[in-house]
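User: I would like to go through this model label by label, and to hear for each one what it rests on.
Analyst: Gladly; please ask, and each answer will set a value against its cut-off.

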Amino acid sequence: MKRDRILLFIPMYNCEKQICRVLDQLDDRIRPYLSEVIIVNNRSTDDGERAVADCLGQKPLDIPVSLLRNKENYGLGGSHKVAFRYAVENGFDYIIVLHGDDQGHIADLLPYLRDKKYRKCDCFLGARFKKGASLEGYSRFRTFGNKVYNILFSLVLRHKIYDLGSGLNMYSTAMLKDGFYLKYKDDLKFNYCMILGSAYHGHKMYFFPIRWSEDDQVSNVKMVRQAMEVLRLLGAYLVDRKGFVEREHRDDLSFRYEAEVVCRYGYGETDR
């Protein structure tokens with residue numbers, strides 16, 4: 001059976017304290033399933049790039065790793081667009097998204113990488129609120145709010161939704177080739193748009209339970225404002241589904257979603 005080419009994409013924004021812990025997750029159990037790793041720095045203001053260089057210098061991985069820097073601050077959604085393009089243009093079969101703030105655990109994917117269950121789906125999505133998941137440092141109020149939104153999205157989409165956007169997801173690049181996601185929000189709302197768009201296009205979605213922990217991370221979510229904006233997105237989709245997925249949602253249409261290579265490891269030589 002042909003071995004899948006799987007790209008691991010780690011978005012990084014001010015994750016200097018956590019990024020080495022994320023790279024440490026790529027142990028002997030995980031690495032055999034990965035073909036390449038890209039860390040996409042979204043113009044961080046901390047010293048995360050040096051942290052990556054120090055970490056990989058001390059503990060080199062036996063798979064190719066590239067550190068990329070976005071040419072502009074594209075937001076989390078924009079970094080996804082950079083990585084999705086990289087995955088498609090370089091012939092990968094799947095792309096895993098693991099946030100660089102060390103809240104998710106890539107080992108939660110291991111059972112599905114072993115039994116190839118992800119092959120049956122277009123979107124294989126980590127869920128913090130599905131039975132079997134565990135949350136640490138997450139308030140009951142936030143948990144309740146997320147579950148309410150999951151119910152609302154489930155009713156509108158007629159598909160059981162267990163999480164609107166965790167930091168551990170996996171996508172088939174075959175689904176990404178037509179670029180349906182390029183008009184979606186470039187900020188934290190990108191994942192909500194992806195859920196709505198995937199439901200409209202009939203992409204096969206499967207949610208798997210994950211462990212989630214919050215310790216020294218700094219949240220970029222303004223809860224009340226974010227909640228209202230998510231409701232507006234869902235309402236717009238409910239009123240006009242086709243119009244929603246075809247509409248331009250970005251605030252800055254000048255973004256080209258380009259990144260430069262800062263350094264590369266494991267390609268035969270190291271470029272800095």
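User: To begin, where is the place of Arg-43?
Analyst: This is a predicted model, and in it Arg-43 sits in the loop that runs between β2 and α2 (48–58). Its phi is near 55°, which is a positive value in a residue other than glycine.

User: Why is Arg-43 called partly exposed?
Analyst: The relative accessible area of Arg-43 is 34%, and the label buried needs a value under 20% while exposed needs one over 50%. Because 34% lies in between, Arg-43 is partly exposed.

User: What makes Arg-158 exposed or buried?
Analyst: Arg-158, found in the loop between α5 (140–157) and β7, has a relative accessible area of 72%. The cut-off for exposed is over 50%, so Arg-158 counts as exposed. Its phi is also positive, near 55°, and again the residue is one other than glycine.

User: With which side chain does the side chain of Ser-35 make a polar contact?
Analyst: The partner is the side chain of Arg-3, at 3.5 Å. A polar contact is a pair of N or O atoms within 3.5 Å, so the pair meets the distance limit at the value given.

User: How do you know whether the span of α3 is close to what is expected?
Analyst: Helix α3 covers residues 75–89, which is 15 residues, and it reaches 21 Å from its first C-alpha to its last. The expected span at 1.5 Å a residue is also 21 Å, and the reach of α3 is close to it. Just after α3, Gly-91 takes a positive phi of about 75°.

User: Why is α3 described as largely enclosed by the rest of the structure?
Analyst: Eleven of its 15 residues are buried, so α3 is largely enclosed. Among those buried residues are His-80, Lys-81, Phe-84 and Tyr-86.

User: What makes α7 mostly covered?
Analyst: Nine of the twelve residues of α7 are buried, including Phe-190, Asn-191, Met-194 and Ile-195. The helix reaches 16 Å from its first C-alpha to its last, close to the 16 Å expected, and it is followed by Gly-202, whose phi is positive, near 75°.

User: How many cavities of 30 Å³ or more does the structure hold?
Analyst: The structure holds one, and the volume of the largest cavity is about 80 Å³. Of the 14 residues that line the largest cavity, the closest to its centre are Leu-125, Asn-169, Tyr-171, Asn-191 and Ile-195.

User: Which element gives the largest share of the lining of the largest cavity?
Analyst: α7 does, with four residues. The elements that give two or more residues to that lining are β5 (123–127), β7 (168–172) and α7 (190–201). By class, the lining has seven nonpolar, six polar and one charged residues.

User: Why is Leu-98 called buried?
Analyst: Leu-98, in strand β4 (residues 94–98), has 0% relative accessibility. That value is under 20%, so Leu-98 counts as buried. Leu-98 and Asp-47 are 51 residues apart in sequence, and their C-alpha atoms are 20 Å apart in space.

Methods: Residues are numbered from 1 along each chain as its sequence is written. This is a predicted model: local features need pLDDT of at least 70, side-chain atom pairs count only at pLDDT 80 or more; totals for chains, interfaces and linings use all residues. Side-chain values use heavy atoms; hydrogens and water are left out. The expected span of a helix is 1.5 Å times one less than its number of residues. Buried means under 20% relative accessible area, exposed over 50%, partly exposed in between (1.4 Å probe, protein chains only). On a 1 Å grid over the protein atoms alone, a cavity is a set of points where a 1.4 Å probe fits but cannot get out, and a pocket is an open set with protein on both sides within 12 Å along at least five of seven lines; lining residues have an atom within 4 Å of a point. Grid points are joined across faces, edges and corners, and a volume is the space filled by probe spheres set on the points. Ala, Val, Leu, Ile, Met, Phe, Trp, Tyr, Cys and Pro count as nonpolar, Asp, Glu, Lys and Arg as charged, and the others, Gly among them, as polar. A polar contact is a pair of N or O atoms within 3.5 Å; within protein, one must be able to donate a hydrogen and the other to accept it, and residues adjacent in sequence count only if both atoms are side-chain atoms.
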